[in-house]
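This report concerns the confidence and the nonpolar cores of a protein model. Please examine the structure shown below before reading on.

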Amino acid sequence: MFNKVRSALYNVVGGVEALPSVAEGEDQSRVRVPKFPYARPHFLLFQQDEVQVSADHQIRPIIVPRDISKLPWLSGYAETVNAGKSEWNEDQACVEQRILTRASERHIQGAGMPYTYFALFDGHAGYGAAVAAANQLHQIVHKKLLEVIDHILPPLELGNTWFQGIGHMESSTPKAFWFPEKALPADAFITGALETAFNEMDAQIGEDKRKYVMKGGCTAIVALFIAGKLYVANAGDSRAVHCSQGKPHPMSNDFTPSTERRRLQQLAAHKPELLSNNFTHLEYNPRPSRACVGRKILYRDVYMTGWAYKICTPDDLRTSVVNGEGKRSRLLATIGVTRGLGDHELRSIVHNTPIKPFLSSQAEIKVYNIEAQKVLDTDVLVMGTDGLWDVTSNEKTAEIVQNSLQNFPFGDKANAKYRFTSAAQDLVMHSRGKPEGHNWQTSGGAPGTIDDISVFVIPLAQYKREWEEWKRVNEELRERKSAKLPPSNSGSQVMQPSLYSPTTGTQPPMGSGPIISGERIVTSHQNGVRSDDEPVEVLHHTDVLDASELPLSEISLDAEEAVAPEDLPDNTAVNAITNRETVEPVSTNDCER
C-alpha cells in the first residue's frame with residue numbers, strides 16, 4: 001500500500017512517469033527513479049494536463065508556444081506527436097541564451113560574449129536519453145566554451161589589436177594554460193568544444209543509466225550562434241537546412257547505416273569479436289540463402305568499391321552488419337541511426353549482440369559565417385527531427401518557408417511576430433498531413449509521417465544585426481580599456497538578445513520575460529529544471545553589450561565551412577490541425593479538438 005501511495009505522489013509532483021513499483025519485501029535501496037521527469041520543452045509553458053493533451057495520437061495536435069517572446073528573435077517552433085508508435089512524444093527541444101565571460105572580468109559590464117543555443121533531440125526506445133540531453137547538454141557546452149575562452153574572447157586589456165591574431169595570443173599574454181605554437185582560428189576551439197560536449201554528454205548518460213531510470217537513446221542536433229557565425233553540430237538523422245530565397249543549403253548530413261556503411265564494415269572487420277560470430281562484415285547482393293552454399297555469390301569486402309564472386313560457405317549465411325538501403329537500412333538488423341547519445345544497453349533483436357560499440361557520439365560540425373555574408377530578412381535556418389524530413393525534402397522545405405513568409409510582409413508590424421511560427425506550423429502540417437481512415441495522408445496524396453515531428457525556424461538576419469551592434473559597442477569598450485579612459489557617457493542603447501526584437505524595435509511587455517536581478521538574469525528555455533549553481537548572465541539593456549569582436553577565419557581542422565547562398569498569439573498553446581490545409585496563426589482556444 002505504501003508503494004502505491006508513493007508512486008501516485010511521484011506522478012503528481014514529478015511528471016508523467018510513475019515511480020517503479022516495488023514488491024513487498026524487496027530492497028528499497030535498489031529502486032531507481034528518472035533523473036528528470038518527462039515534460040515538453042520549457043518554453044511551451046505547459047501544465048501537466050496540456051502535456052497529456054499534446055500526446056493525443058488520434059488528433060495529433062500541432063503545438064506552438066503560447067508566448068512567442070520566450071524564443072530568441074521571435075523564432076518559430078512547432079511540434080506534433082506520433083501516430084501511436086510510442087506513448088509519448090519522444091522528441092525534445094532546448095533553447096538557451098548565455099554570456100561567455102572570464103572570471104577576472106565578471107565585474108565589468110560588457111566584457112562577455114553572448115551566444116544563443118538551439119537544440120533538438122529525437123529519442124528512440126524511450127524518452128529518457130532525450131530528456132537528459134535537453135536538460136544537460138547546453139550546460140556542458142557552456143563549460144567547454146569556458147575552457148577555451150582565451151582563444152575565443154580576448155582579455156579587454158589587449159584592446160582591438162588582438163583581432164589580427166585570429167584566436168591566438170602572443171607569448172606576452174598572461175597564460176592560463178598552454179598555448180599552441182601554431183596559430184589556430186577560434187573556429188577550431190568552438191568546434192572542439194562542441195565535439196567534446198557531445199562525447200561527455202554520451203558518457204554522462206551511460207553513467208546515469210546505472211543510477212536512474214533512463215531508457216533508450218537519442219539523436220542530437222545543435223545550432224550555436226556565437227562570434228558572428230553559426231555552428232551546426234549533428235549526430236544522427238535530424239537535419240538543419242539554411243533556406244534562402246526559396247533555395248535550400250544543407251547544414252548537416254544524415255548518419256544512418258546506409259551513409260556510414262563503410263565505417264561500420266571496417267570496424268566489424270578489424271574487431272570481429274564485436275559481432276559475436278552472429279554477423280559478418282561482408283556485403284552480399286542478394287543476401288545468400290542456405291541453398292546458395294557451394295555456389296558462386298556476389299560479395300563486397302571493406303577494401304572494395306566494386307563487386308566480385310566467391311563460393312558461398314556457411315559463414316556467408318550470417319547477417320551483414322548493415323542491411324537494407326536508405327531509410328530502411330539497419331545496423332545489426334535493429335537500429336536505423338549510427339550516431340547519437342545513449343543506447344548503452346541496446347542489443348540486436350536478432351542475436352542479442354551489443355550495438356553500442358558501433359554507435360558514435362561524434363558530432364559533425366558545419367560552420368556558416370553570418371557576419372561575412374549578405375543575409376536577408378527571409379533567410380532562416382530550419383532544424384527538424386527526422387519526422388519532418390521523412391516526407392518533406394530540402395527543396396520542398398525551402399519552398400514552404402518562402403510561401404509562408406510571403407503571407408507576413410516584413411512591413412506588417414502587427415503580425416510580424418507570427419511569421420516564423422507560422423512557417424514552422426506549415427512544415428509540420430505538410431509532413432503530418434491529414435487523417436484518412438486509419439492513416440495520415442499529405443495534401444498530395446502521399447503517406448504522411450507517423451513519427452514525432454519537431455521544427456525550429458530561426459531567422460538569421462536578427463542575429464547578424466545583434467552581433468554587429470555588440471561588436472561596435474565592444475570595440476569602444478576595448479579602446480577605452482586599453483587607453484585607460486573613463487567610461488563613456490554616450491548613453492548608447494544596446495540590444496538585449498533574449499528579449500529584444502529587431503523587427504519591432506520594442507521590448508516585450510512586463511511579465512513576458514525572465515526576472516531581472518541587478519546585472520544578471522536567469523533564463524531557462526530548456527526542457528525540465530535547470531541548475532542554479534551557475535547563474536546565467538544575459539545582457540541588460542543599459543549602456544554596453546557584453547562581448548568581444550573577433551573576425552574569424554575560414555573553418556579549419558575537421559570542421560566544414562558551409563557555402564553561403566549569393567508568434568502565434570500569446571493565448572495559443574495548442575493548435576489541433578486535422579482537416580484543413582492552411583494554418584491559421586490566430587486561435588482563441590488553448591486546444592482545438
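Over residues 488–526, how many contacts beyond four places in sequence does the model have? For residues 488–526 there are 99 such contacts, a contact being heavy atoms within 4.5 Å. The model is predicted: local features need pLDDT of at least 70, side-chain atom pairs count only at pLDDT 80 or more, and totals for chains, interfaces and linings use all residues. Residues are numbered from 1 along each chain as its sequence is written, and side-chain values use heavy atoms, with hydrogens and water left out.

The predictor's confidence in each residue is given by pLDDT, from 0 to 100. The protein chain has a mean pLDDT of 79, and 73% of its residues reach 70 or more.

| Segment | pLDDT | Contacts beyond four places in sequence |
|---|---|---|
| Residues 488–526 | under 50 | 99 contacts |
| Residues 528–593 | under 50 | 251 contacts |

Where pLDDT is low, the predicted coordinates should not be read in detail.

A nonpolar core is a set of buried Ala, Val, Leu, Ile, Met, Phe, Trp, Tyr and Cys residues joined through side-chain atoms within 4.5 Å; buried means under 20% relative accessible area (1.4 Å probe, protein chains only). The largest core has 80 residues, and Phe121, Leu145 and Leu381 are among those with the most contacts inside it. A second, separate core of 22 residues includes Val64 and Ile400. Leaving aside neighbours within four places in sequence, leucine 381 touches residues including Ala223, His242, Met251 and Phe456.

Cysteine 94 is buried, at 0% relative accessible area, and cysteine 243 is buried at 2%. The structure holds 0 disulfides, a disulfide being a pair of cysteine sulfur atoms within 2.5 Å.

Technical notes. Buried < 20%, exposed > 50% of the residue type's maximum accessible area, 1.4 Å probe, protein only.
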